[in-house]
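Here are my notes on this structure. Please read them with the coordinates open.

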Amino acid sequence: MSALNVQIYRINNDLAELLFNPGEVDLRVGETLTLRERESGRSVIAQVIAFRSATYPSLLREQLDTLVGVPNGHSDGRGNGHSDGRGHTNAHSDGRTDLPPTMEQQLALVEQLEGHEDEMGNIKVALAKIRKTVSTHHNGDAGESGDAHSSGDARWEDWDGWIPARDVDISRTGDRELFANATTDKGHRLYLGRSLAGHSFHIEGQDLEKVNVITGVKGSGKSHLAKVVLLQLIEAGAPCIVFDINREYIHLPPVQLDPQTGKTLKRGIVHLQAGGNFRLSVRQFGLSPLMTLLQRFGLPEVSALYFENRMARLWAEADAIEQRNGLSSVPYVGLEQLIQMAEANEYGGSSSSTVVNHAIRSRLEAVRNTNIFARNPKEAASLGDAYRKIREGGALVIDVSSLSNLAREGFVQAIIELIKDLCLWEIDHDTHRFPFVFFEEAHLYVSKKSIDYIVTRARHLGITSFFVTNMIHGVDEAVLRQADNLFVLRIPFEDDVRHVSRGAATDYETMMAFVRRLRQHHALVIGNVTAQYPLIFEVDALRHVNTAGETRYFFRE
Ligand SMILES: Nc1ncnc2c1ncn2[C@@H]1O[C@H](COP(=O)(O)OP(=O)(O)OP(=O)(O)O)[C@@H](O)[C@H]1O
Ligand SMILES: [Mg+2]
């Protein structure tokens, strides 16, 4: 990799200030640079996080300040200096100590700058964060070949504090080296887009597993990125489930099955419409989500207790019948039947049974109006059956757009329970085809309790989740911290960035610098998929896929 015409101005802790002429060198935020000390061949890896303009007089003044002892860092005069920021001499990790630059050296820089006032008008300072050291083992012969970094073999280690001193060559770190160190390849590569240098950017599917957060301001491209990931997962043969609140995923290519064998001819999506062709039986829905729903409709606590008791007995009887005679012999219990039971005062309540049963009945009627329950056994869809259609690669797109907010929350909670059952089945059969679940606009319908449940049980159950949300403050700090990967699109607001950086494995400074001004269609990713190295990439445009949502317009074309 050829050296760039970039000079170290000074190094302050882990922050290198680099001088360059933007007319000559085009540096970008997020780009990775190798700073190699010519004499020793040792290198550090630094990432550009920001720019500031420098004027000739300002640089000169800073130099003069150091000359007269203002503690502002120091330089060795050839632009190759470093400082600990307090004006002290710098102890290297290998025991060497650099003397502060001499006055002669300081003046040399001033001289060097002089006579270049025109160009100096264009000079810029790039702030680059030192993140890694290149393993000396792999870097040992670099001094001779001078080209260790272009091989892509250089291995990174955590930065140990060593900083290059004199005669430093600065070059762009090649994508091969970057990817070799930040990503892995276990044979399940997913294509996400392009690196800043324009090369294909892949991540390892296994590194995506468990908990992911995709966040960014409204319209920044979160759903688009989610679709990119989803389509790659489908192609890689993974089963996915999407909670689609805006009917944005329903136009993705549908799955094609052989009508005879049921085998997958072409991987794709299955569109399930909650409240339409996809309704659950009361038993499938599960008692706990049903209780939540009834209570959200205002069922008083005492009535809830009576109802829950009776239902628990009812399902125990159903289980017993199923055990003895099979599922088909279990009498069907739908909401209608439950309402009739209330009319017959069957939920108990002793002296206040009329009040209790009346309360239960009115809430059951409200639940009936949500349309999430099957009205007869034929209508009751099975998530397991649907899952089988996409188990070898595909997605169940569960369209929850027509449900009310309350119904949606209960419905999703019930589906999460059913997903758990699917996972347990996979564990029991040692088949491990665990789903990747996308929660679009998660903040609108996934309760904190459900999120906690998914996040804490994910590792045990095998579920991988993606929480897609623009309500950045709505994402619990604990979830952010437990997230294996964080995909961040543009976030212009400082407050939101602060919140996100609490969980991320990177510093606030980097997060601020990267996401506040992310270019259109670019995303930052940090986590297991990048070995915790923050990477910016351009998200694939998905040109040949219909990614359009269904926005209804008044003023139509
Ligand atoms: N990488 C990309 N290439 C091409 N188009 C993109 C890309 N990313 C986003 N878009 C387009 O930009 C628009 C907004 O993207 P998207 O709907 O994904 O944003 P969002 O963050 O999910 O917004 P909202 O908060 O409203 O849900 C869409 O029309 C989408 O197709
Ligand atoms: Mg969206």
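1. A residue counts as near a molecule if its C-beta atom, placed from the backbone, lies within 6 Å of it. The model is predicted. There are 13 residues around ligand 1, and those that come nearest are Gly221, Lys222, Ser223, His224 and His521.

2. Which helix gives the most to the shell around ligand 1? Helix 7 (residues 222-235) does, with three residues.

3. Look next at helix 13 (residues 383-390). Its buried residues are Leu383, Tyr387 and Ile390. They lie on the same side of helix 13, because they cover an arc of only 60 degrees around the axis.

4. What do the buried residues of helix 13 pack against? Their partners are strand 13 (239-244), strand 16 (268-273), strand 17 (394-399) and helix 14 (405-428).

5. Strand 12 (residues 211-215) is mostly covered, with five of its five residues buried. Val211, Val213 and Thr215 point one way, while Asn212 and Ile214 point the other way. In a regular strand the side chains alternate between the two faces of the sheet.

6. Strand 12 pairs with strand 19 (residues 464-469) in the parallel sense, over five bridges. It also runs parallel to strand 20 (residues 485-488), joined by four bridges. Follow Ile214 across: Val468 stands opposite in strand 19, and Phe487 is the bridge partner of Ile214 in strand 20.

Notes
Residues are numbered from 1 along each chain as its sequence is written. Chains are lettered from A and ligands numbered from 1 in the order in which they are written. This is a predicted model: local features need pLDDT of at least 70, side-chain atom pairs count only at pLDDT 80 or more; totals for chains, interfaces and linings use all residues. Helices (H or I, at least four residues) and strands (E, at least two) are DSSP runs, numbered from the N terminus. A residue is buried if 20 or more other C-beta atoms lie within 10 Å of its own, exposed if 12 or fewer, and partly exposed in between; C-beta atoms are placed from the backbone. The arc is that of the directions from the helix axis to the C-beta atoms. Two residues are in contact if their C-beta atoms, placed from the backbone, lie within 7 Å. Two strands pair if DSSP finds at least two bridges between them.
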